[in-house]
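Colleague: Could we go through this structure feature by feature, so that I learn how to read each one?

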Amino acid sequence: MAWEAIFTLSLLVFVLGALVLTRVAADLVLMGALVLLVITGVLSATDALTGFANPGVITIATLYVVAAGLKETGAVQWIARKLLGHPKTERGAQARMLAPTGLLSAFMNNTAVVAMFIPAIQDWSQRLNIPASKLLLPLSYAAILGGTCTLIGTSTNLVVDGLLQTRLDIHLGLFELAWVGVPLLLVGGLFLVLFASRLLPDRGGVREELDQVREYGVEVEVVSPGPLVGKTIAEAGLRALNYGYLTEIDRQGRLITAVEPDRTLQAGDKLYFVGAPECASELRRIHGLKPANGSVHKLDLANHQRCLVEVVLGPEFAALGQTVRDSRFRSRFNAAILSLSREGKRVPGKLGDIRFKMGDTLLLEASQEFAGQYRFRRDFLLVSALNDSTPPDFSKAPMALGILLAMVVVSASGLLAILEAAFIAAGAMIMSGCITASRARRSVDLPVLVVIAASFALGTAMSQTGAAAWVAGGVLGFGTLTPWVALALIYVMTVVFTEVITNNAAAVLMFPIALAVSEQMGVNFLPFAVAVMFAASASFITPLGYQTNLMVYGPGRYRFTDYMRIGIPLSLLVGTTAVLLIPFVWGF
């Protein structure tokens, strides 16, 4: 081997070690590797930076905006409410959940799908009296399996498709992967329905301890006409909030303090909740509720342009000693006070009659620019915007779903390439008002894109220096291998890489090795590329291999061993099915 190949393999080992054993961010590690390849002359700057212009990477970036448009409009929450229903058994609940999750993940970023489903599933599990731990990990696995059904279902598919386009001028169709992806979703889904209840622990959902957080009182009103009128407290999902609980209902001046789960909601009911500041955020995501404090609707802002902000009053706040009503807070700051907390406890009494004191913590509804505008003003000691507190603009949900459907139809029919269709869909999301331009910018996950694009440099170096061919020779050195056995080895190697580093980096690094193996055996490369696609997505054994696995780790109160207990048999089942089906579809 030339010194360039030795250096590239050594750098690969160093990168893997840094990703597995240290807490250094993956984008920093891989960008550092890219810089070293350029400085040492292993790659030219043009070759090292090709990943940043790869069609797959740009498509992923564009689809982030499309997924954000669906999230901002509450389209996924609307679908979840329609499809989840009220199953009677634990297995029935799992089956009801797997279908919409798999379907949505096939057409949008599965990380976004899981992020939006987690609160819905937590609420649903409480209403059904099923532990959240029985549902959240299957939710992640269903999203992973659903993503394998189409070319846009997961970023890994797009990355490998981008490599096929640039290296071999091969273009896969939108539904070409469905010949293997759909059977995997069915087989994996059946396994989860049959065995998840036995293999997963009964730990329930994680609940915020209200006595350890700042406690607020939040008042909301049932909108008339609206989807909650005539529903019970339990059916409306108000009995199982993560960050608060319903204490009383004000019905036309009559106070109902003992609120039973089966009490029916009426138009104009004022509901009083006590809990952490995130409780207000939860309530805003429930379609059919509005803040009971009339001043909120006097703000000169559209509902979906507002967010929740916490502020702590400083010694120079001009209205200290005045009541909330007399302070004219709303007109001075263009922000509405939802609740007030003092020394970590809610202050009893009517909000308008409470007098401000230094150190009071206010929960405000304000514009998204409020935190930046008042962060350094002396009125407030602290200004902190709550993450993800902007309520969805449900009126635009049909528009967002229509844009997604049009993108899929145009791409599947061959009228436009996936990248072109994604560009138009992202532009339509912004032009139609489903998402603002500023939120579209923030929705693009730059660190993930840097990881993918920078890992292309390592993959290119593996090919150009001969390191990939040397590894391929080692794989084939076990003896005379049939193409099927070689395909299985590539699949297993990719799965191992995926479990210890990011799935996209695993795909990019395994691509040149798979290519070299197919060339040395003189067989069709496409089955090996597709195997890398599926194996890089099939991360079930650890919480680290795939982002959605990590997202459910805390809410489900899982342990590392829980993933191994259900993930190992599922990984074996999915891997065996994929390796058997791939050659029949694409052929050696």
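Colleague: Which elements do the buried residues of helix 1 pack against?

Modeller: In this predicted model, the buried residues of helix 1 are in contact with helix 2 (26-39), helix 17 (446-465), helix 18 (467-476), helix 19 (483-500) and helix 20 (503-521). The residues in question are Ala5, Thr8, Leu9, Leu11, Leu12, Val15, Leu16, Ala18 and Leu19. Helix 1 itself covers residues 3-21, 19 residues in total, and spans 26 Å between its first and last C-alpha, which is close to the 27 Å expected at 1.5 Å a residue.

Colleague: How many helices and strands does the chain have, and what share of its residues counts as buried?

Modeller: There are 23 helices and ten strands in the chain, and 56% of its 588 residues count as buried. Among the contacts with a separation of 6 or more, 79% join residues 24 or more positions apart. The accessible surface of the chain is about 24400 Å², and carbon and sulfur atoms hold 60% of that area.

Colleague: How should I read a pair of aromatic rings?

Modeller: Two values describe such a pair, namely the distance of the ring centres and the angle of the planes. With rings counted as a pair when their centres lie within 6.5 Å, the chain has 14 aromatic pairs. In one of them, phenylalanine 317 and phenylalanine 356, the centres are 5.3 Å apart and the planes stand at 85°, so this pair is edge-to-face.

Colleague: Where in the chain do phenylalanine 317 and phenylalanine 356 lie?

Modeller: They come from distant parts of the chain, 39 residues apart: phenylalanine 317 sits in the loop between strand 6 (306-313) and helix 12 (329-333), while phenylalanine 356 sits in the loop between strand 8 (345-346) and strand 9 (361-367). Phenylalanine 317 and phenylalanine 356 are both buried. A further pair is made by phenylalanine 329 and phenylalanine 333, whose ring centres are 4.7 Å apart with planes at 40°, so that this pair is tilted. These two residues are four positions apart in helix 12, and therefore about one helical turn separates them. Phenylalanine 329 and phenylalanine 333 are likewise buried. Ring pairs also join Phe317, Phe329, Phe333, Phe356 and Phe380 into a cluster.

Colleague: Let us turn to the backbone. Which non-glycine residues are examples of a positive phi?

Modeller: Aspartate 169 has a positive phi of about 55° although it is not a glycine, and arginine 328, also not a glycine, has a positive phi of about 50°. Aspartate 169 lies in the loop between helix 9 (155-168) and helix 10 (178-199), and with a relative accessible area of 58% it is exposed. Arginine 328 belongs to the loop between strand 6 and helix 12, where its relative accessibility of 57% makes it exposed.

Colleague: And is the peptide bond from serine 224 to proline 225 cis or trans?

Modeller: The bond from serine 224 to proline 225 is cis, its omega being near -10°. Proline 225 is located in the loop between strand 1 (216-222) and strand 2 (244-251).

Colleague: Which residues form a nonpolar patch on the surface?

Modeller: Trp179, Trp484, Leu580, Phe584, Val585 and Phe588 form such a patch, and together they have about 670 Å² of accessible area. Helix 23 (residues 560-586) supplies the largest share, three residues. Phenylalanine 584 is located in helix 23, and its relative accessible area of 67% means that it is exposed.

Colleague: Is serine 411 buried or exposed, and what does it touch?

Modeller: Serine 411, in helix 14 (residues 397-412), has a relative accessibility of 11% and therefore counts as buried, the cut-off being under 20%. Leaving aside residues up to four places away in sequence, serine 411 touches Leu174, Leu416, Ile418 and Ala421.

Colleague: How far apart are valine 309 and glutamine 368, in sequence and in space?

Modeller: Valine 309 and glutamine 368 are 59 residues apart in sequence, while their C-alpha atoms are 8.9 Å apart in space. Valine 309 is part of strand 6, and at 0% relative accessibility it counts as buried.

Methods
Residues are numbered from 1 along each chain as its sequence is written. This is a predicted model: local features need pLDDT of at least 70, side-chain atom pairs count only at pLDDT 80 or more; totals for chains, interfaces and linings use all residues. Side-chain values use heavy atoms; hydrogens and water are left out. Rings of Phe, Tyr and Trp (its six-membered ring) pair if their centres lie within 6.5 Å; planes under 30 degrees apart count as stacked, over 60 as edge-to-face and the rest as tilted. Buried means under 20% relative accessible area, exposed over 50%, partly exposed in between (1.4 Å probe, protein chains only). Contact means heavy atoms within 4.5 Å. Accessible areas come from the Shrake-Rupley method with a 1.4 Å probe; for residues, only the protein chains shown count as cover. The expected span of a helix is 1.5 Å times one less than its number of residues. Patches are made of residues with over 30% relative accessible area and no salt bridge: like charges are joined within 9 Å, nonpolar side chains (Val, Leu, Ile, Met, Phe, Trp, Tyr) within 5 Å. A salt bridge is a side-chain nitrogen of Lys or Arg within 4 Å of a carboxyl oxygen of Asp or Glu.
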